[in-house]
Amino acid sequence: MTAAPEGGQRVLTGTHFMLGDHACAEGALAAGLDFFGGYPITPSTEVAERLARRLPEVGGQYLQMEDELGSIMSIIGASAAGARSLTATSGPGFSLMMESIGLAAMMEIPCVIVDVQRASPSTGLPTMVGQSDILQARWGSHGDYGIAAFSPASPQECFDLAIHAFNVADRYRIPVFLMLDEVIAHMTERVVIPPAKEIPIHRRKGPVHAPGEERHLPYAIGDDLVPAMAHAGEGYRVHMTGLTHDERGYPALTPEIHNTLVNRLVDKVRLNAQAIEIYDEYELDDAETVIIAFGCTSRSARQAARLARARGSKCGLLRLVSIWPFPEQRIRQLLARGTVQRFVVPEVNLGQLRREVERLTQLPIHRINHAGGAMPTPKDILEVIP
Amino acid sequence: MTASPAVIATSHPNDPLLRADRFPHILCPGCGIGTVIHCYVDAMAESGVALENHVCVSGIGCSGRAAGYVNVDSYHTTHGRAIPFALGIAVHKPELRVTVISGDGDLSAIGGNHLIHAARRNMNLTVICINNFNYGMTGGQAGPTTPRGSMASTAPHGVHDRPFNLPDLARAAGASFVARWTILHVRQLREAILRGMHNPGFSFIEALSPCPTNFGRANALGTGMDEMEVYRQRCRIADSLPPFDELDIDLVDEARPIVVGNFVDIARRPYESV
Amino acid sequence: MTASSNSRRPMDSGQARIPLGEVHVIPERCKECGFCVGYCPEQVLAFSAEINAKGYHYPVIAADKEEACVHCGFCNLICPELAIYTVERERPGRDAPHDEADA
């Protein structure tokens, strides 16, 4: 192991044997994390504990808040002041954060939220795996808005996707979710951290004019539907509100303005889906059975696909790395080929991802569901593949 | 022997501190929130801190609309959550002067947990709590500061609960500067806000305001002016730190004064990032 | 020697001048709350006969009060609408009023 020494070093370049939650924290640090506001909750607490030590060492701020509502609001405020900011939670805290997530979406303030899913609903099985917050990540706050959500299937991906999440959040000025699950978060595996100069960091775009040169319109938009972001303390005198607002950021309470604004919040992501989506494919070219899986489940799914191929079944795996936007176009491409006969959607919930597949096809979809606490084995998945 | 016109003006000298293109503001005739805004921008101008370094964060309610009228970086956030949003800004950029302006229900009901913890940690915020004794914007519902015996739309039989004594709450939680004034005491209020801006820790300033449209009307208090007169006559300025239970507000017992003043002003170690 | 107010008079009271203010009003902002009219320490203000576009009576100078404003700034600060302020001006005439004891 050639781990670099810690203490004061943002990017721990080298090869590590690292816990998923810790890798997530290190990915955030490598991405330039400035501010963490959080509250402990199993199985996400290790993210906070790691950052409580590491973030002050690299000049960032770690703030432990009194609850999850304070946590999410503190990271949105810090981001409004220019910080790359993060919080980490699990199901019960995720639910508490929902109103504020809507505020971030409405004000278009970028932030990254880690949800380490556990068996739910309610207190559930706090120390055991779940994957049942998938739909909540997309629809959890009231109203329509656009977000992105990524699901790592290894500690390495916890690191890599943290960096990607910050870039996506900044690029589109949206909340972005890192949907870990308890298995990945509490798994220890090889994580390779590259040199700092190889880490891609793409920050949010600021106003092109200097403060005072002309009046800054916080929500004036160009072709890409994403306004330039001025931060508190830069001299632009922005006003931001959760009310429906016009270009100036002032409340403008008409149905027409509301419809235009909210459609843009959705379109920002929808029309840029291809740039945001990430998926991993295994043996899909001639597949008759396509498994769609994410997170810990995808590890069993890959083995099931391998075993199925070994015994002669034409089976492939579409592993979702981005859950949202859901890769509709890719699935339609697969369907258009005409070779797919069935889908298998294993998930540690009672059919949340399945609904997205059902929207796109009339083909049979074999469900492998468990409410939480246990993930499917390769054998569980192999059993339904002809 | 007749009245004569004053000089007609089209702008106020403080307009550069305001989003004057949005004036006249939405607040009712006789409401004191505009006065608090005025005291706040006046204090800002005197603070010695450049306007670019002032930030205003508000919650939801009539008081929460204040952020939309001041010409600094301002954020009109969600109900009860202005304080943690403000904290994020203040901790990330400690050179900024962050002021929270919000209402009694926003800060002490739904926002109560954030209030007490920010005070406990003596975070560098100035919190101006405009207490008009009800939830005004939504039509005059009872809240945690509605005095016992008062009427409100959700207390048609009168409020029976004991209301918060906000200065006592802030002090007990750990605030290092605590004051209460009415909007009649404009100079003291402005000075208290200025003191709050200079305090490196948590400052809590309660500003009692008339709400003629809702609280005043439900309690037969007349116009804003009439309601102000009630407060003016009942007010006693504390010239030293009083026992904190004297700061309870009781509008039924006319013999009981409404005590105002600067109650706590101590040097206590403020929050510092590790 | 009898005690009189003279023994307590500031030594420079002969030079102290009472400021004179000129009231400026933005009628379109006024909402007729009455705070300025009611709380002016010199009762300088009264409600106009005319109304503004929203139907409110705004402050005007009350009868015989053209020289009464002392530029205390209270109306300015108390107004919730930021609709009134005063500007200091020179008193007309050479002998401005001083401390009352001199008059």
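How many residues does the contact take from chain C, and how many from chain B? In this predicted model, chain C brings 27 residues to the contact and chain B brings 32 residues. Let's start on the chain C side and then walk across to its partner.

On the side of chain C that touches chain B, the elements that give two or more residues are strand 1 (20-25), helix 1 (35-39), strand 3 (59-61) and helix 2 (74-78) of chain C. Strand 1 of chain C gives the most to this side, with four residues.

To find the spot in your viewer, pick I8(B): its bridge partner in strand 1 of chain C is V25(C).

Now step over to chain B as a whole. Its secondary structure comes to eight helices and nine strands. Along the principal axes, the C-alpha atoms of chain B fill a box of roughly 55 × 50 × 35 Å. A compact globule with 274 residues would have a radius of gyration near 19 Å, so the 18 Å of chain B agrees with that expectation.

What share of the 274 residues in chain B is buried? Buried residues make up 60% of them. As for contacts in chain B between residues at least 6 apart in sequence, 68% join residues at least 24 apart.

Conventions
Residues numbered from 1 in each chain as written. Chains lettered and ligands numbered in written order. Predicted model: local features only at pLDDT ≥ 70, side-chain atom pairs only at ≥ 80, totals over all residues. Contact = placed C-beta atoms within 7 Å. Pairing = 2+ DSSP bridges. Rg over C-alpha atoms; globule rule 2.2 N^0.38 Å. Buried ≥ 20, exposed ≤ 12 C-beta atoms within 10 Å, placed from the backbone.
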